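Hi,

Here is the structure I promised to pass on. Have a look at it first, and then read my notes below.

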Amino acid sequence: MITVKTPKTYINETGSIARSGEFISKIGKNPLIIAGEKAKKAIGEAFFNSLAENGVGSANVFTFSGYPSQRQFDSYAEKARAVNADVIIGIGGGRVLDTAKATGDILSLPVVTIPTVAATCAAWAAVTIQYDDKGGYVKSRLNKNSAELVIADPQVIFTAPKRYLFSGVVDTFAKFYEIRPTTVFFPEDVPSQIALKASEIAFANLERDTFIALSEAEKGVFSDAAKNVIDAIIYLAGFAGSFKGEHGHYSFAHPFYHTSTRLHHTNIKLHGEKVAFGIVTQLILEKKDDSQVLEAIKIFSKYENAWTLEDFALTSESDLDFLKVQIPEIFSYVPYKDGQSIKAALKKADELTRQFRGQK
């Protein structure tokens, strides 16, 4: 069985924040709004003015902090019931959006996601990455639906720190690296072929447009380049992730990220930053030549994402031993089962990245 979950409406337009009420009023009038502190500043008064102009309430605004945990989901669900909310709105980065999606899923309410950074495809994906309250991965919580509406405003997203955008760029590259092996193992798997094609388009568009968009944004210009970058990170990456057949995606980069979060002291880097190192390690596990691995590191370096184990505070043998055991145990679909090979690949990824840095 193949199930594809996508938002009903995806808006990527400059100035769309100031029209939010127009779009949201078609879905609900009494939202529960979950927003990060910085996110509320990013959307400004224009968002709330637009709600008021279109008869949408804004009395139930809650400031998010922490991680998307079961405690958070239950708490926001209770708040939504108390005010008889008819729609859940999440505003901010991936943690906020994932919390909003899970809350809506619990209550069977429509969800609106408004990303203020483009660090992942969380605004699109019909999955919530659930953590414990300390930031350790618990599970990938499959939601019944994607968000009903996604509002992405380039003027908001491109004013966020560049680090978040670069994290999203590399996380999108990961779709290509993680889907490609599936098409090798299962060449007749049509969902994987579709997903791979979407990831290839996203990869090419990001390589072509990211730095053009950043340069223009510094001048207050948000052209097709900015829209293309946001489309690649949110829409195309989310679309690629939506197409999974019976085999899933043969991958290592995301399992590395998720498992590493259980070592709480490593949670000093963003999702995409850890995923970048996971891709390098995966290429080694795939037995790619050093030259091919170094080429990937070179690409990631352009986006300030060439990392070593030390950058993640993964310097102890006990931490590496934890990962080599836990990754294949937690993620049974990972094709790399030999713990010693995983540990060796992590060290090799570190070595090649250090080699690349020394050659620059």
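Let me start at one spot on the surface: S65 is exposed, with a relative accessible area of 54%. In my notes, buried means under 20% relative accessible area, exposed means over 50%, and partly exposed is in between, with a 1.4 Å probe and protein chains only. S65 sits in the loop between β3 (61-64) and α3 (70-82). Its C-alpha atom is separated by 23 Å from that of D153, 88 residues apart along the chain.

Two notes on how to read this. This is a predicted model, in which local features need pLDDT of at least 70 and side-chain atom pairs count only at pLDDT 80 or more, while totals for chains, interfaces and linings use all residues. Residues are numbered from 1 along each chain as its sequence is written, and side-chain values use heavy atoms, with hydrogens and water left out.

Now the overall picture. The protein chain has 13 helices and eight strands; these are DSSP runs numbered from the N terminus, with helices being H or I of at least four residues and strands E of at least two. The C-alpha trace spans about 60 × 45 × 40 Å along its principal axes. Of the 360 residues, 56% count as buried. Among contacts (heavy atoms within 4.5 Å) with a separation of 6 or more, 78% come from residues 24 or more positions apart.

The aromatic residues are worth a look. The structure holds 26 aromatic pairs, where rings of Phe, Tyr and Trp (its six-membered ring) pair if their centres lie within 6.5 Å, and planes under 30 degrees apart count as stacked, over 60 as edge-to-face and the rest as tilted. W124 and Y235 form a tilted pair, at 5.2 Å centre to centre and 35° between the planes. W124 lies in the loop between β5 (111-115) and β6 (127-131) and Y235 in helix α8 (residues 224-242), so this pair ties together parts that are 111 residues apart in sequence. W124 counts as buried at 5% relative accessibility, whereas Y235 is partly exposed at 32%.

F173 and F300 are stacked, because their ring centres are 6.5 Å apart and their planes are at 25°. This pair links distant parts of the chain, with F173 in helix α6 (residues 162-185) and F300 in helix α11 (residues 290-302), 127 residues apart. F173 is buried at 0% relative accessible area, and F300 is buried at 1%. Ring pairs also link F173 and F300 into a cluster with F166, F176, Y177, F203, F211 and Y303.

Helix α9 (residues 253-260) is mostly covered, with eight of its eight residues buried. What covers these buried residues includes β6, β7 (137-142), α6, α10 (271-285), α12 (317-330) and α13 (339-359).

Finally, two backbone points to check. S108 has a phi near 55°, a positive value in a residue other than glycine; S108 is in the loop between α4 (94-107) and β5 and is exposed at 56%. K287, also not a glycine, has a positive phi of about 65°. K287 is in the loop between α10 and α11 and counts as exposed at 72% relative accessibility.

Best wishes
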